[in-house]
Each structure stands twice: as structure tokens, then as C-alpha cells.
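Here is a short briefing on one protein model. Look over the sequence and the structure before reading on.

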Amino acid sequence: MPAHGQLTPVPRRSTAELIAEQLRSAIMYGSLAPGDQLGEADLAGRLGVSRGPLREAMQRLVQEGLLRSERHRGLFVRELTPDDVRDIYVARLAVERTACELIMRGNRGEAVARLTPAVQRLAEAAATGDRRAMSDADQEFHRTLVSCSGNGRLERMAQTLLVETRMCLTVMQEVYPEPAELLEEHRRLLDAIADGAEERLLHLIETHMTDTVARINNGAPPAP
């Protein structure tokens, strides 16, 4: 870490990185839907970029698992099977459980301070019944949760998993939890952190993930 007051080089984002970010967003929100083929010429024209950085960006998304390559056919947005959905949430649970453990051993006060506005934004979205706004606020909460762990590698893993999560929810909005239920789940997570109740927190994060898998794969909320 540089000493206070010393100047250091400012990281610059490459064109390929900026393109990859736009493609991730398009996949996450369904503008590029599961199964869609990505045409280089069309995308280069729409984005106003050359094919070189576009190819680099698309290869990044192949490596992240958001795109798949078919020999002699090109690149396609991945379609998620029930097994994929389960695997995504198993991976998310591993990442977020570890993040929760680090939070409980670190600065819980900072985590509460950062997560409280995220829960408030979720409450505001829930009050409107806007499912897209709710999804955005839900994702912000979990992104912030992992960020509060202070582990950059967990954050990078969570980023791809959250895009894939949004892909699941975008195509299956009918199984998204009711606003009050979703809000209460996140309030309980925040309360457990504030109370220093690690065992309760880990139980809640696991239940949060497993219940969501059941909703998405079964098309209905799990039995109480």
C-alpha cells in the first residue's frame, strides 16, 4: 500500500474490459438472452468498437462461463439447466459463507454500516413491487456482503456468480419471492451480523441459497 500523500499510477481500464462489462450487463438483464448467438459484425457496430477488443471481451466471458463456443458456429449465451442453477448456488454459498465468516471475525460495525443502506434500498424496491428493482437491490446487498469480507478474490468470484444468478431470475421471474418475504430474509441476515450471531448467520445464508434453488428448479416456493 502506498504511503499517505504519495502519487501512484492510476489504473486504466482497457477497451476490452469496458466491452466485457457491457456484455455482462446485457446478459444479466436479458437483452442478450440464453441461447442467443453473438455476431461479431453486429455487436461491433452496435458498440462502436473494432473486432479486436470485442473478441478479447467475448473470450473473457467464455472463460467466465457466460458464453459458450460452438465449433464452426460461433459464440452463444449460455442456457442454464437445473443442474447449472444448483451449481451456481452451491458456489455462491461457498463464497458468501466464507465472506460471512470473515465479517464476523473482522469489522462487523463497518459491515452493518454498509449493509444497512442496501437493506433500505431493498425495502424501497419492495414497496413498489418492481421486481427488476428488487433484483437490483438484492444483488447489491449480496455484492456488498462479499465486499465487506475484505477479500478481493471472493469479490471477483462473486461478480460472475451474481451475473449468472440474475440470468436465472430474469428468465424465471414468476418464482421470485414475494417482496415482504425477500425483505425479511435480508433483514434477518443483517440482524445476525449486528448481533454477532455467527451460527445463526451461517444458517440463514445457507437457507437463503437452498430455498432459492428449490424455487427456481421446482417453479414454486419450497414447502414450509
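The points below go from the whole chain to single residues.

This is a predicted model. The protein has nine helices and three strands. Of its 224 residues, 42% count as buried.

**Overall layout**

- Along the sequence, the elements follow the pattern α-β-α-α-β-β-α-α-α-α-α-α.
- Take the contacts in the protein with a separation of 6 or more: 72% of them involve residues 24 or more positions apart.

**The sheet**

- Strands of a sheet pair through backbone hydrogen bonds, either parallel or antiparallel.
- Strand 1 covers residues 37-38, and strand 3 covers residues 74-77.
- Two bridges join strand 1 to strand 3.
- Leu38 has Leu75 in strand 3 as its bridge partner.
- Strand 2 spans residues 67-70 and pairs with strand 3 over four bridges.
- Glu70 is bridged to Gly74 in strand 3.
- Strand 2 and strand 3 also make a hairpin, with three residues between the strands.
- In that hairpin, His72 takes a positive phi near 70°.

**Helix 1 against helix 3**

- Two packed helices are described by the angle between their axes and the distance between the axes.
- Helix 1 runs over residues 15-28, and helix 3 over residues 51-64.
- Their axes come within 8 Å and cross at roughly 55°.
- Angles under 35 degrees count as roughly parallel, and 65 to 115 as roughly perpendicular.
- The two helices are therefore oblique to each other.
- The crossing of helix 1 past helix 3 is right-handed.
- Which residues of helix 1 meet helix 3? They are Thr15, Ala16, Glu17, Ile19, Ala20, Leu23, Arg24 and Ile27.
- On the helix 3 side, the contact is made by Pro53, Leu54, Glu56, Ala57, Met58, Arg60, Leu61 and Glu64.
- By class, this contact of helix 1 with helix 3 has 10 nonpolar, one polar and five charged residues.

**Arg92 in helix 4**

- Arg92 lies in helix 4, which covers residues 82-105.
- Is Arg92 buried or exposed? Its relative accessible area is 5%. Buried means under 20%, so Arg92 is buried.
- Leaving out residues up to four places away in sequence, Arg92 touches Arg97, His142, Leu161, Leu162, Thr165 and Met209.

**Glu124 in helix 5**

- Glu124 sits in helix 5, which covers residues 108-128.
- The relative accessibility of Glu124 is 47%. Exposed means over 50%, and buried means under 20%, so Glu124 counts as partly exposed.
- Glu124 and Ala137 are 13 residues apart along the chain.
- The C-alpha atoms of Glu124 and Ala137 are separated by 9.1 Å.

Terms used
Residues numbered from 1 in each chain as written. Predicted model: local features only at pLDDT ≥ 70, side-chain atom pairs only at ≥ 80, totals over all residues. Heavy atoms only, no water. Axes fitted to C-alpha atoms, helices over the stretch in contact; angles between N-to-C directions. Parallel < 35°, antiparallel > 145°, perpendicular 65-115°, else oblique. Left-handed = near helix turned anticlockwise from the far one by under 90°. Contact = heavy atoms within 4.5 Å. Nonpolar A, V, L, I, M, F, W, Y, C, P; charged D, E, K, R; others polar. Pairing = 2+ DSSP bridges. Buried < 20%, exposed > 50% of the residue type's maximum accessible area, 1.4 Å probe, protein only.
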